[in-house]
Amino acid sequence: MKLYRLYILIIGVCLACGIPHVGRAQTDSQKFVVVIDAGHGGHDPGALGRISKEKNINLNVALKLGRLIEQNCPDTKVIYTRKKDVFIRLDRRAEIANNAKADLFISIHTNSVGKNRTVKGASTWTLGLAKSDENLEVAKRENAVILQDSDHQTRYAGFNPNSAESYIIFEFMQDQYMSQSVHLASLVQKQFKQTCRRPDRGVHQAGFLVLKACAMPSILVELGFISCPEEEKYLNTEEGTSSLANGIYRAFLLYKNEKQAMAHPAAGTEPSPALQPVAAQGPATSAPKSEKQQKPSAAKPSPQKKQADELVFKVQFLTSRTPLKANDKRLQGLKDVSFYREGGICKYTCGASTNYYQVLRTRKAISSRYKDAFIVAFRNDEKTDIHQAIQEFKLKQKR
Ligand SMILES: [Zn+2]
């Protein structure tokens with residue numbers, strides 16, 4: 001069974017990578033560039049299991065993934081953020097990818113959850129605002145390493161990995177790469193489920209600092225839970241790490257081939273056998289998605305018709321110890337300016353609307369003037385949890 005699968009994979013790899021490029025010697029600048037980022041390293045072990053450390057599992061899988069690409073895809077350049085057990089800062093990892101003008105960034109991690117020893121499975125993440133506390137915790141844990149950096153306050157612009165408020169910024173990040181990142185993430189997840197036979201924990205978004213500065217589509221993979229003894233064992237076997245590397249590799253191939261087919265439609269290649277199982281499911285899942293995405297704009301909630309209990313989003317852009325005069329220069333040119341008091345401070349907001357997307361646009365519009373502005377939510381004029389509010393808004397839009 002395993003030999004058969006390997007055989008199919010080899011044929012697939014040849015078709016997908018080798019044959020179309022035979023005789024087409026590519027210079028480095030023409031190559032597809034992928035950065036493989038083994039999470040943690042050196043004095044940062046990452047999550048700790050009973051028999052192993054996250055940093056070593058991540059590195060094993062990263063090296064195997066890189067080797068698969070190097071051996072089978074002559075049109076791809078692989079760059080590693082680390083190839084051995086060394087510490088690399090989070091911002092440096094993104095910098096490596098940006099300097100290389102990479103097409104893709106894949107960060108490899110291993111999950112862990114408190115005292116629960118039964119939770120297991122693989123998940124794939126993209127940059128965004130976490131939709132649940134559980135998801136936020138994953139980002140908090142992965143970002144906590146910056147606290148070991150004595151100048152993290154300046155290096156990461158005052159970002160506090162433990163404060164939920166810090167994470168609001170991730171709602172506005174990376175819009176242009178979001179759909180490609182989510183697409184790759186879903187390809188990886190399909191492979192984890194179908195090829196690696198891992199319990200499927202889905203595709204999620206959260207505020208990972210390592211992805212924040214990446215100027216390209218990027219994902220963060222959580223291979224499994226080191227906190228689950230059974231899964232930790234698996235993650236420490238040759239079979240386990242090879243299978244997971246293989247799963248990411250196959251997703252990578254699909255993604256790259258799609259990209260290249262789009263860039264050079266005339267050179268369109270037939271989908272290779274290795275790609276068919278996943279490709280066959282592509283249209284069925286992607287078609288309804290785009291329909292869904294169109295719905296919200298057609299049924300825009302009107303900001304005028306405010307009802308009791310309805311959520312109102314606003315952009316908070318300024319604070320002051322005392323109320324400002326109406327003609328204060330700092331308030332000029334802004335719509336719907338008001339303020340609320342919190343902890344004895346006047347907090348100024350603008351652009352109130354029940355439509356969260358509208359407020360996002362307002363926030364973007366004033367971002368050059370107020371770069372630290374962020375979105376707050378109110379229910380019956382009382383400030384309410386922004387994460388929940390966004391979730392509620394998005395749920396309502398789906399209905
Ligand atoms: Zn990690």
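Student: What makes R198 count as lying over the face of Y234?
Tutor: R198 is 3.7 Å from the ring centre of Y234. The rule asks for NZ of Lys or CZ of Arg within 6 Å of the ring centre and within 35 degrees of the ring normal, and R198 lies over the face of Y234. The charged end of K314 likewise sits over the ring of F378, 4.6 Å from its centre.

Student: What should I keep in mind about the source of these values?
Tutor: This is a predicted model, where local features need pLDDT of at least 70 and side-chain atom pairs count only at pLDDT 80 or more, while totals for chains, interfaces and linings use all residues. Residues are numbered from 1 along each chain as its sequence is written, and side-chain values use heavy atoms, with hydrogens and water left out.

Student: Why is the pair F32 and F252 called edge-to-face?
Tutor: Rings of Phe, Tyr and Trp (its six-membered ring) pair if their centres lie within 6.5 Å; planes under 30 degrees apart are stacked, over 60 edge-to-face, and the rest tilted. F32 and F252 have 5.8 Å centre to centre and 70 degrees between the planes, which makes the pair edge-to-face. F32 lies in strand β1 and F252 in helix α9 (residues 238-263), so the pair ties together parts 220 residues apart in sequence. Helices (H or I, at least four residues) and strands (E, at least two) are DSSP runs, numbered from the N terminus.

Student: How do you know that F32 is buried?
Tutor: Buried means under 20% relative accessible area, exposed over 50%, and partly exposed in between (1.4 Å probe, protein chains only). F32 has 7%, so F32 is buried. F252, with 0%, is buried too.

Student: Why is the pair Y357 and F393 edge-to-face?
Tutor: The ring centres of Y357 and F393 are 5.3 Å apart and the planes stand at 75 degrees, so the pair is edge-to-face. Y357 belongs to helix α12 (residues 356-365) and F393 to helix α13 (residues 386-398), 36 residues apart. Y357 has a relative accessible area of 31% and is therefore partly exposed, whereas F393, at 6%, is buried. Ring pairs also link F313, Y356, Y357 and F393 into a cluster. The count of aromatic pairs comes to 11.

Student: What makes H40 a donor of the zinc ion?
Tutor: Donors are N, O and S atoms within 2.8 Å of the metal (3.2 Å for Na, K and Ca); water is not among the atoms, so sites may look incomplete. H40 (NE2) coordinates the zinc ion together with E54 (OE), H109 (ND1), E142 (OE) and E142 (OE), at 2.0 to 2.5 Å. Along the sequence, the donor residues follow the spacing H-x13-E-x54-H-x32-E. H40 lies in the loop between β1 (32-38) and α2 (54-72) and E54 in helix α2, so this pair ties together parts 14 residues apart in sequence. H40 has a relative accessible area of 6% and is buried, as is E54 at 0%.

Student: Why is K53 called partly exposed?
Tutor: K53 has a relative accessible area of 38%, so K53 is partly exposed. K53 is placed in the loop between β1 and α2. Not counting residues up to four places away in sequence, K53 touches P45, A47, L48 and I226; contact means heavy atoms within 4.5 Å.
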